[in-house]
Amino acid sequence: MMSDGLRERSKARRREAIVRAAYELFADRGFEATTIADIATAAEVSPRTVTLYFPSKLELAMSEFDSVTDRVRTAVHDREPGLTILDALEHWLREETAGPRDLADLTDRVLESNPQLRAVAEARLTEVIKFGAKILAEEQGSSPDDFGPRMASAAAAAVISEVCYRPQEADIDTAIAFLRAGLATLPPGPAA
C-alpha cells in the first residue's frame with residue numbers, strides 16, 4: 001500500500017508532467033491547436049487524468065501563472081510580524097529565483113506566443129494588483145482606492161513579472177531599491 005507522502009509526491013510529479021507537456025505544446029503549436037488528448041499523450045496519461053487535475057484547458061494554461069500569484073500572495077499576506085510587505089516580497093523573490101527556471105522560461109514562451117492567454121493573465125493580474133493595493137494600504141494606513149497604494153502595487157507587479165520571467169536580466173537589489181524609493185515618495189496615510 002502506498003503511503004500518503006508517496007501518493008502526494010506521485011500526484012505532484014504527474015501534475016508537473018501534465019503542465020510541462022501542455023506548456024511545451026502551447027508554446028510550439030499554440031493554445032487553440034492543442035487538445036486535451038494531445039496533452040495526455042505527451043504527458044503519458046489518459047485524457048481523463050488531465051481533466052481530473054485541470055477541469056479546463058484554460059485552467060491548465062493559467063496554472064503556473066496562478067501558482068506564482070498564489071505564492072506571492074501567501075508570502076506577503078502571511079509575513080512575519082514586523083516584516084514589511086517589501087521585505088517579504090524581496091525575500092520571496094530571492095527564494096523564487098533561486099530554484100530551477102525552466103518552467104518559468106516555458107511559461108514566458110507560452111504567454112508570448114499565445115496573445116489570448118496573455119490577455120487572460122493580464123486580467124488576472126488586475127486582481128492581484130487590487131490585492132496588493134489593499135495590503136499596502138493597510139500597512140500605510142490609507143485606502144486601497146488611493147493613488148499611492150494602487151501605483152505601488154502595479155509597480156510591484158511589474159517588478160515581479162520582470163524578475164520571475166526574465167531572471168537572466170533581473171537585479172533584485174535594483175528592483176527592490178526602485179520599489180522602496182517609489183514608496184518613500186508617497187504621502188503618508190491619514191493620521192490615526
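A search of the whole structure, which is a predicted model, finds two aromatic pairs, where rings of Phe, Tyr and Trp (its six-membered ring) count as a pair if their centres lie within 6.5 Å.

Before going on, a word about the numbering and the limits: residues are numbered from 1 along each chain as its sequence is written, and side-chain values use heavy atoms, with hydrogens and water left out. Because this is a predicted model, local features need pLDDT of at least 70 and side-chain atom pairs count only at pLDDT 80 or more, while totals for chains, interfaces and linings use all residues.

Tyr23 and Phe26 are both buried, meaning under 20% relative accessible area with a 1.4 Å probe and protein chains only, whereas exposed means over 50% and partly exposed lies in between. Being three residues apart in helix H1, they are separated by about one helical turn; helices here are DSSP runs of H or I with at least four residues, numbered from the N terminus. An α-helix has 3.6 residues a turn, so residues three or four places apart point the same way. Together with Phe31, Tyr23 and Phe26 form one aromatic cluster, and over the ring of Phe31 sits the charged end of Lys57, 4.5 Å from the ring centre. For such a charge, NZ of Lys or CZ of Arg must be within 6 Å of the ring centre and within 35 degrees of the ring normal, and Arg73 likewise lies over the face of Phe131, at 4.9 Å from the ring centre.

Which residues of helix H2 are buried? In H2, residues 36–43, they are Ile39, Ala40 and Ala43, and, seen down the axis of H2, they fall within an arc of 100°, so they line one face of the helix, the arc being that of the directions from the helix axis to the C-beta atoms. These buried residues pack against helix H1 (4–28), helix H3 (47–53) and helix H4 (57–61), contact meaning heavy atoms within 4.5 Å. After H2 comes Glu44, whose phi is positive, near 60°.

Finally, is Arg48 buried or exposed? Arg48, which has its place in helix H3, counts as exposed, because its relative accessibility is 58%.

Technical notes. Helices (H or I, at least four residues) and strands (E, at least two) are DSSP runs, numbered from the N terminus. Rings of Phe, Tyr and Trp (its six-membered ring) pair if their centres lie within 6.5 Å; planes under 30 degrees apart count as stacked, over 60 as edge-to-face and the rest as tilted.
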